[in-house]
Amino acid sequence: MRILITGGAGFLGSHLCERLLNEGNEIICMDNYFTGRKRNIAHLLNNPYFELVRHDVTEPFKYEVDQIYNLACPASPPHYQHNPIKTTKTSVLGAIHCLGLAKRVGARVFQASTSEVYGDPEIHPQPESYKGSVNPIGIRACYDEGKRCAETLFFDYHRQNNVDIRVVRIFNTYGPRMLPDDGRVVSNFIVQALKGEDITIYGDGLQTRSFCYADDLIEGFIRLMNKDGITGPVNIGNPGEFTMLELAELILKKVGGKSKLTFHPLPGDDPKQRRPDITLAKQELGWEPKVKLEDGLDPTIDYFRKLLAEGKA
Ligand code: NAD
Ligand code: UDP
């Protein structure tokens, strides 16, 4: 198949490009390099079935493709809050352009949505039926509401124009190829521990997240995309739930060194708890994560250690 991946030079996009290319597909990887890097996909550039395009999803595009994965959007809070208007435009216009193309060429189209559509949840763990608790005027809204509107567009194109859609709600995912200065908690804590710097805990560190290893997530993507008769939304994530203090402790145990914990103000609207209910993914896709946080951290730490040794972090 010929497959378009927007945001293909990013953390998750590059893993998806690699996996789909290895399975014998032709890949068009589109990215504006806001948070993506050519080094993430440099090893694929010599493959004649891999094509790299510098393009912004907020501008229209046309390709003859069989499938579209729409991943373009900064995912880390400091990055998506850097230019919040652009973040909303990326989600909304990116969705419109992917859906318009899918409608025109009859492609199946996949949206990388997020657990952030549940906001600061009052139900725990979060099933897909939970409608969420999002502050529409807060500092996270550019991302949360942008992604919620993208989901709305996906379902309206499906109902109104019969577009073949798949929507995944991704919970916090980590692994090699995250940016060292990405600002997300796993990369921050690992890089701080490796450099012997203070570990920055926001708030009291008792807020929770559930961390999924990238390879597990990509397997879930591919199962959902290639299953007939399902639109989603489907939660994909690892139900293992940790406080940020537990995460820091685990990383410090693995890295060693003498970093100390320091406490900083909690950013606005930061969700207090998050854990996916993955009953639907298990039933419909036969999917569940295989890699425990404790095991997935090892290759992630190795990746950052190598970047630091090369002077790239
Ligand atoms: P990332 O920031 O590494 O990747 C996003 C990619 O999109 C980057 O390569 C970036 O340059 C590109 N991009 C951003 N704006 C663009 C634009 N206007 N036009 C073209 N390209 C653009 O983040 P990631 O973790 O790989 O996330 C990928 C997708 O998954 C995002 O849509 C994100 O919202 C979603 N997601 C990720 C997580 C996670 O934990 N990693 C959780 C929930 C949702
Ligand atoms: N966090 C932290 N220290 C950091 C970065 C993040 O304590 O250096 C916290 C953050 O406040 C949040 C959690 O870790 O409660 C997860 O943050 P991240 O940005 O990785 O993901 P998100 O909040 O989008 O789930």
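Two residues count as being in contact here if their C-beta atoms, placed from the backbone, lie within 7 Å. Helices (H or I, at least four residues) and strands (E, at least two) are DSSP runs numbered from the N terminus. This is a predicted model, in which local features need pLDDT of at least 70, side-chain atom pairs count only at pLDDT 80 or more, and totals for chains, interfaces and linings use all residues. Residues are numbered from 1 along each chain as its sequence is written, with chains lettered from A and ligands numbered from 1 in the order in which they are written.

Let us start with helix α9, residues 293-309. Its 17 residues reach 24 Å from first C-alpha to last, close to the 24 Å expected at 1.5 Å a residue (1.5 Å times one less than the number of residues). Leu293, Gly296, Leu297, Thr300 and Phe304 are its buried residues (20 or more other C-beta atoms within 10 Å of their own; exposed is 12 or fewer, partly exposed in between). An α-helix has 3.6 residues a turn, so residues three or four places apart point the same way. The buried residues of α9 pack against β7 (173-174), α5, β10 (212-213), β12 (241-243) and α7 (244-255). Just after α9, Gly311 takes a positive phi of about 75°.

Now for the core. The largest nonpolar core has 80 residues, and Phe189 is among those touching the most other members, along with Ile5, Cys29, Ile68, Leu99 and Val109. Such a core is a set of buried Ala, Val, Leu, Ile, Met, Phe, Trp, Tyr and Cys residues joined through C-beta atoms within 7 Å. Helix α5 (residues 185-195) gives the most to this core, seven residues.
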